[in-house]
Every structure is written in structure tokens, then in C-alpha cells.
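Dear colleague,

Please find the structure we discussed below, with the sequence alongside. My notes on what was found in it follow directly after.

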Amino acid sequence: MKQKVFGFHQDRQGDWVAELACGHTQHMRHDPPMSIRPWITSAEGRAGFIGTELNCLRCENSNEDDSTVRSYRVATAVKAACLQAAIAAYQQAKLSGLCQEGAWDLALDAIRSLDIENVLGTLPNGD
Ligand SMILES: [Zn+2]
């Protein structure tokens, strides 16, 4: 099942992991000759991959019941929205010359005032 990539993080070994819209994750290693993905090693490369689709084997072979999958999606979407809101508010605050503490307050406020309805509205329906 094709799922959109909306972010990356590193696991404890430092390998890059793609975060998919379904809430599943997929390792994206650059480990020649086994797997060739030089783009994964740069921030620009990863940014260019966001929004593209990967085949999610875990969705296809899923034995998880629908409510587990749904919970994963909701949790992942909320996590992404919190991060996005906090980072945007922090960067904005620093640009307008606020001190570290002021910027941190604004980042927390952005999470507090996050529109949950709006986040849930971005999830796929009918599952
Ligand atoms: Zn999946």
C-alpha cells in the first residue's frame, strides 16, 4: 500500500527512518552495495523526499486491527503537528529578536493552542 513520507528521524544506531502517513516507519539506509540512497545522508536530500510515496509492507501485511492502525495514525499526526507548530513558533520568535526563554514560551504556547480538530481533519477517512 502506497503511503506518503512526511518526515524522518534517526534511530539509536543513527540510521534514518522514514515516517509514513499511515503511522508506520521504514528504514532508509545508504549502505552500499546493499542499498544505494546517498540522498538520505543530507538534509536537502531528505527534504526532497518528503511528500513522495513509499510502498508500506506493514500496511499490506497488517494483522493489526483497525483501531490500532487508527491510533498510530492519530498519534503520529499529532506528534508531527506539535513539532511543526513548536519549531515554527520558535524560529519566528528568534527572528523577531526574543530571548531564548521568550522563544521557548512561544513554542510551548503554539503546542497548547494547536487546533486538534484541524490535525484530525488531515487524516485519511474511512478506516
Ligand atoms: Zn503502513
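In the hairpin of strand 2 and strand 3, four residues lie between the strands, and glycine 23 takes a positive phi near 100° there. The model is predicted, and this should be kept in mind throughout. Strand 2 and strand 3 (residues 25–27) pair in the antiparallel sense over three bridges.

The hairpin of strand 1 and strand 2 has five residues between its strands, and glycine 14 adopts a positive phi near 90° in it. Here strand 1 (residues 2–10) and strand 2 (residues 16–20) are paired, again in the antiparallel sense, over five bridges. Within this pairing, phenylalanine 8 stands opposite alanine 18 of strand 2.

As for the overall fold, the protein contains five helices and four strands, which follow the pattern β-β-β-α-β-α-α-α-α along the sequence. Its C-alpha atoms fill a box of roughly 45 × 40 × 25 Å along the principal axes. Of the 127 residues, 13% count as buried. Among contacts with a separation of 6 or more, 50% are between residues 24 or more positions apart.

The protein is divided into domain 1 (2–60) and domain 2 (66–121). Five residues from domain 1 and six residues from domain 2 take part in the contact. On the side of domain 1 that touches domain 2, two residues are nonpolar, two are polar and one is charged. The centres of the two domains, taken over C-alpha atoms, are separated by 22 Å.

With kind regards

Terms used: Residues are numbered from 1 along each chain as its sequence is written. This is a predicted model: local features need pLDDT of at least 70, side-chain atom pairs count only at pLDDT 80 or more; totals for chains, interfaces and linings use all residues. Helices (H or I, at least four residues) and strands (E, at least two) are DSSP runs, numbered from the N terminus. A residue is buried if 20 or more other C-beta atoms lie within 10 Å of its own, exposed if 12 or fewer, and partly exposed in between; C-beta atoms are placed from the backbone. Two residues are in contact if their C-beta atoms, placed from the backbone, lie within 7 Å. Domain bounds come from an automatic or database domain assignment. Ala, Val, Leu, Ile, Met, Phe, Trp, Tyr, Cys and Pro count as nonpolar, Asp, Glu, Lys and Arg as charged, and the others, Gly among them, as polar. Two strands pair if DSSP finds at least two bridges between them.
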